[in-house]
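Work through the exercises below with the model open. Each task is followed by a solution in steps.

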Amino acid sequence: LRPITDPDLRQRFHSPPGTAYVADHIGRDDQGRRTMTRIHYDAHLGELARETGKETRYDPRIRPWYRLAQAGDGPTLSRPYLYYFLKKIGVTVARRSTTSNVVMAADLTLDALSRSLASHEVSPSAELLLYTGDGEVIAYGNPEKLVVSGEGETFRIARIQELGNPLLRRVAGRLLKAGHGASFKFEHGGAAWIGEVKQLETGAG
């Protein structure tokens with residue numbers, strides 16, 4: 001299940017006007033092929049359109065969020081990761097049914113975090129970003145920089161030093177080594193700068 005929150009998502013999913021949610025159901029047809037049914041809902045969960053019989057190789061059972069939900073007794077929250085089809089970063093909230101092995105899940109993009117960072121101007125030259133412990137950037141004031149090309153035709157989440165910003169490239173190593181609450185001073189471009197690191201608690205581990 002995905003909330004359709006902006007025109008870009010509506011265009012990517014070819015959703016009709018008024019679509020608020022898109023739900024995908026994957027099963028097998030009479031020939032044993034894995035097929036997907038995509039249903040478009042309005043804000044009151046009224047069905048607007050349905051696409052059926054589309055063959056797919058996607059198997060949610062091998063995804064980390066699915067395995068996390070199967071192992072848990074309640075709602076689970078995945079680590080941020082790249083939605084390959086959307087080229088966006090998000091998380092998956094999932095829960096295993098208490099009466100069967102069915103797992104229900106909802107994808108939530110982190111676009112709002114990048115918009116929030118862009119709107120909080122600490123100073124005209126300040127740079128704000130959210131990143132994981134291994135340096136993957138999940139929110140940045142310029143969200144177009146968050147996805148970079150990998151090997152072949154693949155894509156991946158950009159690391160701090162890959163955002164195309166000389167300032168961040170210079171301090172990437174220090175940011176990764178710094179602990180919660182750390183601050184440090186440095187010089188760049190003939191100006192004095194202060195770097196600060198704060199840890200966000202999400203409850204996801």
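**Exercise 1. Locate Lys 87 and state what its phi and its accessibility are.**

Step 1. Lys 87 sits in the loop between strand 6 and strand 7; helices (H or I, at least four residues) and strands (E, at least two) are DSSP runs, numbered from the N terminus. This is a predicted model, in which local features need pLDDT of at least 70 and side-chain atom pairs count only at pLDDT 80 or more, while totals for chains, interfaces and linings use all residues. Residues are numbered from 1 along each chain as its sequence is written, and side-chain values use heavy atoms, with hydrogens and water left out.

Step 2. The phi of Lys 87 is near 60 degrees, a positive value in a residue other than glycine.

Step 3. Lys 87 has 29% relative accessibility and therefore counts as partly exposed. The classes are buried (under 20% relative accessible area), exposed (over 50%) and partly exposed (in between), with a 1.4 Å probe and protein chains only.

**Exercise 2. Give the strand order of the open sheet of four strands, and its edges.**

Step 1. The order is 1-2-3-4, and the pairing is antiparallel. Two strands pair if DSSP finds at least two bridges between them.

Step 2. Strand 1 (2-3) and strand 4 (47-55) are the edge strands, since each pairs on one side only.

Step 3. Two bridges join strand 1 to strand 2 (residues 21-28) in the antiparallel sense. Pro 3 is opposite Tyr 21 in strand 2.

**Exercise 3. Describe how strand 7 and strand 8 pair, and the loop between them.**

Step 1. Strand 7 and strand 8 run antiparallel and are joined by seven bridges. Val 91 has Leu 108, in strand 8, as its bridge partner.

Step 2. The two strands form a hairpin, with six residues between them.

Step 3. Ser 97 lies in the loop between strand 7 and strand 8. At 15% relative accessibility, Ser 97 counts as buried.

Step 4. The side chains of Ser 97 and Thr 99 make a polar contact at 3.2 Å. A polar contact is a pair of N or O atoms within 3.5 Å; within protein, one must be able to donate a hydrogen and the other to accept it, and residues adjacent in sequence count only if both atoms are side-chain atoms.

**Exercise 4. Find the buried side of helix 2 and what covers it.**

Step 1. In helix 2 (residues 64-71), the buried residues are Trp 65, Tyr 66 and Ala 69. They cover an arc of only 100 degrees around the axis, which puts them on the same side of helix 2; the arc is that of the directions from the helix axis to the C-beta atoms.

Step 2. The face turned away from the buried side of helix 2 carries the exposed residues Pro 64, Arg 67 and Ala 71.

Step 3. The cover over the buried residues of helix 2 includes strand 5 (76-77), strand 6 (81-83), strand 7 (88-96) and strand 8 (103-109).

**Exercise 5. Which residues does Arg 96 contact, leaving aside its neighbours within four places in sequence?**

Step 1. Arg 96 is in strand 7, and at 24% relative accessibility it counts as partly exposed.

Step 2. Contact means heavy atoms within 4.5 Å. The residues in contact with Arg 96, apart from those neighbours, are Ala 69, Gln 70, Gly 72, Asp 73, Val 102 and Val 103.

Step 3. Arg 96 and Ala 69 are 27 residues apart along the chain, and their C-alpha atoms are separated by 5.6 Å.

Step 4. A polar atom of the Arg 96 side chain lies 3.3 Å from the backbone oxygen of Gln 70. For the backbone oxygen of Gly 72, the distance to a polar atom of the Arg 96 side chain is 3.1 Å.

**Exercise 6. Which residues of helix 4 are buried, and what caps its N-terminal end?**

Step 1. Leu 167, Leu 168, Val 171, Ala 172 and Leu 175 are buried in helix 4. Their arc around the axis is only 165 degrees, which puts them on the same side of helix 4.

Step 2. Asn 165 caps the N-terminal end of helix 4, with a side-chain oxygen 2.8 Å from the backbone nitrogen of Leu 167.
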